[in-house]
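Q: I have a structure open and would like to learn how to read it. Can we go through it feature by feature?

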Amino acid sequence: MKATYDAVIVGGGLLGSAIGFGLARRGLRCAILDEGDIAYRAARGNFGLVWVQSKGIGFPVYADWTMRSSELWPEFAEDLSERTGLSLHYARSGGVDICLSEEEFKERAAKMTTLTSHQNGKFRHEMLSRSDLAALLPGLGPDVVGGSFSPHDGHVNPLYLMRAMQQAFTRLGGEIIVDARVHEISRAGGDFVLGTKRQSVTAAKLVLAAGLGNKVLAPMVGLDQPVHPLKGQILVSERLDNFLKIPTTPVRQTGEGTVLIGNSHEDAGFDLRSTPGVMKTIADRARRTFPWLARARIVRCWSALRVMTPDGLPIYDRSETMPGAFAASCHSGVTLAAAHSLDFANYVAEGTLGNELTGLSARRFDV
Ligand SMILES: Cc1cc2nc3c(=O)[nH]c(=O)nc-3n(C[C@H](O)[C@H](O)[C@H](O)COP(=O)(O)OP(=O)(O)OC[C@H]3O[C@@H](n4cnc5c(N)ncnc54)[C@H](O)[C@@H]3O)c2cc1C
């Protein structure tokens with residue numbers, strides 16, 4: 001079987017779904033090819049923060065791109081909800097990074113100052129003392145020294161987000177082809193030909209958004225996506241009365257009432273096991289932040305693999321040797337979903353990348 005499209009996106013995770021939706025909205029006839037549920041997929045295991053206050057410290061280009069996405073998020077969420085009738089449980093509520101020692105507080109304050117200097121004061125935050133925080137976050141434990149609050153932050157249900165992007169994509173005529181691991185990419189008459197076990201797909205434009213799969217696929221179109229896995233573990237409580245209106249770094253409450261507690265950063269290769277030692281560390285920090293959480297029952301835990309780059313910044317590239325091919329990898333696919341769908345997809349449609357992304361090319365690793 002052979003099918004032809006204007007654009008084909010490899011990977012149906014958060015990046016592929018956002019970019020696919022953006023391209024379909026521009027009127028391109030698109031297909032998303034996805035390996036399926038056995039693949040590593042960070043999109044199904046993340047924490048759901050739309051987070052600005054820790055992104056791009058020391059890297060203004062990334063700080064700006066994150067801020068851009070956070071500003072686009074309200075319009076993006078509204079558009080998705082209107083198109084699909086689905087609520088994403090999105091709120092640009094502001095968010096708090098909790099500090100459990102004076103040292104953490106000082107370190108945090110210094111980082112916030114750096115971030116403000118990158119953005120000429122555009123980035124807003126407040127370092128809140130324990131008593132200020134207590135008014136915002138009821139039930140704080142005695143170990144909490146304070147925290148940084150930023151109004152740019154927010155959160156969303158990442159699974160509803162995926163569902164809405166994919167539904168909006170298919171309503172615009174896009175096709176999602178599952179169980180379709182791309183193992184080969186070639187050129188024929190200026191088009192890309194993608195081989196999967198059941199069919200071959202042809203398209204004038206190609207976007208590689210296959211998460212950890214990008215590493216193997218990118219060289220097929222003259223690109224480099226040096227990504228590696230970084231494990232994160234998350235605990236989920238039973239549903240509780242609504243107590244937390246704004247998300248914090250160790251704990252956020254979902255619209256349904258469950259509390260997500262996380263999340264770790266472990267270099268463990270492709271090992272996806274949840275481990276008691278790490279779960280204990282995560283739970284301890286949450287319990288020190290909100291002591292009464294110790295009485296809540298944990299009903300679920302999981303681990304998932306982040307799509308990490310060597311310096312932690314996203315990678316966006318356009319192939320010089322195979323015009324029409326693009327690749328994108330990042331570890332903040334929730335936060336950046338709006339920028340991917342509204343800006344990056346436009347760049348793909350127009351065949352060029354915006355100047356603001358120049359510093360985020362994989363060429364930065366060519367030393
Ligand atoms: C524990 C944890 C917490 C996180 N918390 C947050 C957060 O709070 N906020 C935030 O912004 N981000 C967070 N993230 C990161 C976010 O989840 C990722 O940035 C995002 O999921 C990456 O999306 P992706 O589409 O690139 O990759 P994935 O979601 O991994 O999707 C890749 C897709 O590509 C497909 N694929 C792979 N190879 C092929 C192939 N050869 N052919 C066809 N398809 C292929 C797979 O089937 C998969 O569906 C977190 C991640 C983790 C692990």
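Q: How many salt bridges cross the interface of domain 2 and domain 3?
A: Start with the general idea. Side chains of opposite charge can pair when their charged atoms come close. In this predicted model, two salt bridges are found across the interface of domain 2 and domain 3. A search of the whole structure gives 21 salt bridges.

Q: Which side chain does Arg 288 meet in a salt bridge?
A: Asp 143 is the partner, at 2.7 Å from N to O. A salt bridge here needs a distance within 4 Å, so the pair qualifies. Now look along the chain. Arg 288 belongs to helix H7 (residues 276-289). Asp 143 sits in the loop between helix H4 (130-136) and strand S6 (146-150). The two are 145 residues apart, so the pair links distant parts of the chain.

Q: How many residues does each side bring to the contact of domain 2 and domain 3?
A: Domain 2 gives 16 residues and domain 3 gives 13 residues.

Q: What area is buried between domain 2 and domain 3?
A: About 1100 Å². Carbon and sulfur atoms give 59% of that area. On the side of domain 2, Ile 98, Leu 100 and Leu 137 lose the most area to domain 3. Together they make up 36% of what that side buries.

Q: How many residue pairs are in polar contact between domain 2 and domain 3?
A: Seven, counting pairs with both residues at pLDDT 80 or more. Strand S4 (residues 95-99) supplies the largest share of the side of domain 2 that touches domain 3, with four residues. That side divides into ten nonpolar, three polar and three charged residues.

Q: Which residues are closest to the ligand?
A: Asp 34, Arg 41, Ala 43, Gly 333 and Thr 335 are the closest, and 39 residues surround the ligand. Check the backbone too. A polar backbone atom of Leu 14 is 3.0 Å from an oxygen atom of the ligand. For Cys 330, a polar backbone atom is 3.1 Å from a ligand oxygen. Leu 49 has a backbone N or O atom 2.9 Å from a nitrogen atom of the ligand.

Definitions and conventions:
Residues numbered from 1 in each chain as written. Predicted model: local features only at pLDDT ≥ 70, side-chain atom pairs only at ≥ 80, totals over all residues. Heavy atoms only, no water. Contact = heavy atoms within 4.5 Å. Buried area = accessible area lost by both parts, 1.4 Å probe. Polar contact = N/O pair within 3.5 Å; in protein donor to acceptor, adjacent residues only side chain to side chain. Nonpolar A, V, L, I, M, F, W, Y, C, P; charged D, E, K, R; others polar. Near = heavy atom within 4 Å.
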